[in-house]
Protein chains: 2
Amino acid sequence: MTGPRLTPLAAALPASVPFVGPEAQERALGRPFRARIGANESVFGPSPAAIAAMRAAAAEAWKYGDPECFDLRGALAGRHGVARDNIVVGEGIDGLLGYLVRLLVAPQTPVVTTAGSYPTFNYHVVGHGGRLAAVPYRDDRVESAALADAARATGAPLVFLANPDNPTGSWIPAEEIIRLLDALPEGCLLCLDEAYADFAPPGALPPIDADDPRVIRMRTFSKAHGLAGLRVGYAIAEAGLAAAFNKVRNHFGVGRVAQAGAMAALGDNAWVDSVVARVAEARARIAETAAANGLRALPSATNFVALDTGRDGAFARRLLQALAERGVFVRMGFAPPQDRCIRVTAGTAADLDAFAAALPEALAALG
Amino acid sequence: MTGPRLTPLAAALPASVPFVGPEAQERALGRPFRARIGANESVFGPSPAAIAAMRAAAAEAWKYGDPECFDLRGALAGRHGVARDNIVVGEGIDGLLGYLVRLLVAPQTPVVTTAGSYPTFNYHVVGHGGRLAAVPYRDDRVESAALADAARATGAPLVFLANPDNPTGSWIPAEEIIRLLDALPEGCLLCLDEAYADFAPPGALPPIDADDPRVIRMRTFSKAHGLAGLRVGYAIAEAGLAAAFNKVRNHFGVGRVAQAGAMAALGDNAWVDSVVARVAEARARIAETAAANGLRALPSATNFVALDTGRDGAFARRLLQALAERGVFVRMGFAPPQDRCIRVTAGTAADLDAFAAALPEALAALG
């Protein structure tokens with residue numbers, strides 16, 4: 001008996017996944033991590049207002065969420081000074097990236113990104129049969145001019161740029177984004193992943209012009225708002241492009257509890273401010289710990305810090321494992337040469353104490 | 001300036017959506033519905049244990065959910081007597097249908113379903129460029145032999161069958177499903193949507209053989225478990241097919257709060273039993289109200305009842321509007337001739353009082 005007849009594209013896809021969760025590592029280790037500072041989650045948690053809203057919504061979880069996310073889109077539009085029709089809400093940025101790629105990428109479509117940047121974007125491109133043209137980082141920063149060159153050379157309809165960047169934590173100034181937009185060929189869309197926008201320094205985020213058809217910006221409640229486990233992201237785009245998501249999205253994919261939590265989180269600016277401040281302290285502490293152990297902290301505009309081991313990816317991988325065995329979950333760069341770095345998320349004082357204790361032991365164990 | 005370059009498939013897709021939410025109707029009407037009995041949600045709510053679990057998880061919503069849904073898949077495997085590797089968890093059955101279609105349907109791929117059955121399946125098929133071959137209902141029941149005939153005639157790799165069915169509420173016996181599997185051509189997969197399984201009479205659900213590569217079964221926490229607003233569905237499939245979902249799914253798409261709520265709901269059998277009993281009472285009451293107003297209730301194996309207006313789709317649509325104006329949200333069949341029926345979800349006593357009051361008024365208003 002033969003099995004189901006997958007499409008040729010699906011049959012050829014690798015079974016690999018973008019990220020293995022810390023829970024899988026905990027199961028392999030046989031014990032929970034003491035410090036969960038690897039997935040760039042916000043250890044400081046959601047706003048108390050968001051927690052209260054989720055708890056209140058729990059009893060109403062029998063109702064589907066509004067498939068139009070009308071209220072949330074309205075609140076987001078107000079926040080960003082755009083129209084509701086410029087906002088698309090989806091199942092995290094990951095979900096929105098999948099829809100965007102599906103809209104723009106057919107088999108053999110060229111797509112431009114930075115080699116070693118956010119792998120889930122690549123996962124979606126490969127999953128739709130696209131051909132990735134990946135330009136290298138330059139000094140651990142995205143090189144926007146090279147992205148534009150690659151877009152012209154390949155004729156790509158889509159360019160990906162995370163600013164601030166994951167996994168390096170680096171950022172480029174708004175003027176450079178604007179120059180990139182002007183340098184892109186006609187009809188090429190920039191997907192500007194701003195998941196870490198709340199942590200960015202002044203001047204990293206270009207002003208939002210929602211009528212600009214050259215760019216779609218992705219934001220999330222998973223980082224500064226501390227709601228990674230709810231799965232709510234959104235895109236800001238020209239209304240025609242935003243409407244095109246209705247052709248392919250899972251219309252009821254963002255549930256009632258998620259919409260309620262996100263709405264309340266959006267209303268608590270003070271919480272985000274306090275998280276940003278604590279993240280800044282944590283970044284400084286991570287850099288101190290790194291320096292004390294001979295590792296260099298890369299400048300960060302995010303809620304994590306990439307630490308240069310001065311060695312290679314194989315070493316970083318062993319260091320990750322040695323830290324995991326000591327109860328500390330961190331991650332590393334996704335491709336050479338950034339895979340020489342480990343990536344440490346801003347943690348609580350207890351998390352960073354655990355990291356500070358484990359790092360020298362782990363380094364010593366590696367010799 | 002030209003806009004983004006959508007793929008030819010995406011550019012050609014209609015902007016239509018499978019369902020308009022009741023919230024959109026409430027916004028149009030300018031007031032909330034008194035009775036929300038149109039989306040086959042469980043008005044009886046989630047299990048108190050599920051509510052408590054969601055509330056407890058709210059403070060932990062800063063953590064991504066386990067992308068492998070390991071614990072939930074394990075619990076579901078135990079429930080169904082299959083292996084964890086036979087279970088795929090996704091963002092509701094809607095999300096899983098999307099992934100399944102993406103795995104099996106390329107442009108021009110023929111796909112078989114029943115004309116007027118669950119439209120979100122069709123949405124996904126059209127969205128991936130597939131060609132729908134839709135066979136008619138027979139006496140408001142799915143005709144499985146016609147599905148097999150169409151699969152042979154078209155060479156479809158995928159056949160959809162909802163049992164119990166939406167929107168008719170009808171069901172076919174397990175033996176007929178088994179005969180259908182035997183009649184399908186080699187390599188053709190049956191997608192058996194069992195969203196309403198908990199309400200089905202004995203004998204409607206074939207025994208589960210998770211090693212059978214000819215069938216994938218879809219279940220959900222949105223109906224009897226009362227968690228439509230959490231977005232958790234699952235599929236039971238041969239392990240190789242289940243693993244293929246990892247090629248395309250949004251790995252972090254089912255969040256921590258959702259997994260926690262579903263786990264607790266799964267553990268509360270007494271709650272599901274009580275919901276099923278209350279749904280049976282509500283169905284009887286809906287049928288009584290229908291009969292008192294000259295409408296015929298179709299037999300139902302679900303948490304809703306299709307009421308035959310004895311007229312056509314245009315009449316049913318006007319009746320829906322007249323009911324909506326009287327504060328009652330219900331839906332109707334999706335295609336002729338089932339669109340002559342309105343579809344009323346099992347409600348609380350108050351919901352059904354409102355329906356009983358509104359129906360004669362609405363009918364009278366239509367003349």
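**Exercises on a predicted two-chain model**

In chain B, strand β2 pairs with strand β8 (residues 233–236) in the antiparallel sense, over 4 bridges. Strands pair if DSSP finds at least two bridges between them. Helices (H or I, at least four residues) and strands (E, at least two) are DSSP runs, numbered from the N terminus.

This is a predicted model: local features need pLDDT of at least 70, side-chain atom pairs count only at pLDDT 80 or more, and totals for chains, interfaces and linings use all residues. Residues are numbered from 1 along each chain as its sequence is written, with chains lettered from A and ligands numbered from 1 in the order in which they are written.

**Exercise 1.** Work out which way the residues of β2(B) point, and whether they are buried or exposed.

*Solution.*
- Step 1: β2(B) spans residues 87–90.
- Step 2: B:I87 and B:V89 point one way, B:V88 and B:G90 the other.
- Step 3: In a regular strand, side chains alternate between the two faces of the sheet.
- Step 4: All are buried (20 or more other C-beta atoms within 10 Å of the residue's own, C-beta atoms being placed from the backbone; exposed means 12 or fewer, partly exposed in between).
- Step 5: B:I87 stands opposite B:I236 in β8(B).

**Exercise 2.** Describe the contact between chain A and chain B.

*Solution.*
- Step 1: Chain A gives 77 residues and chain B 76 (contact: C-beta atoms, placed from the backbone, within 7 Å).
- Step 2: On the chain A side, α5(A) has the largest share, 6 residues.

Definitions and conventions. Two residues are in contact if their C-beta atoms, placed from the backbone, lie within 7 Å.
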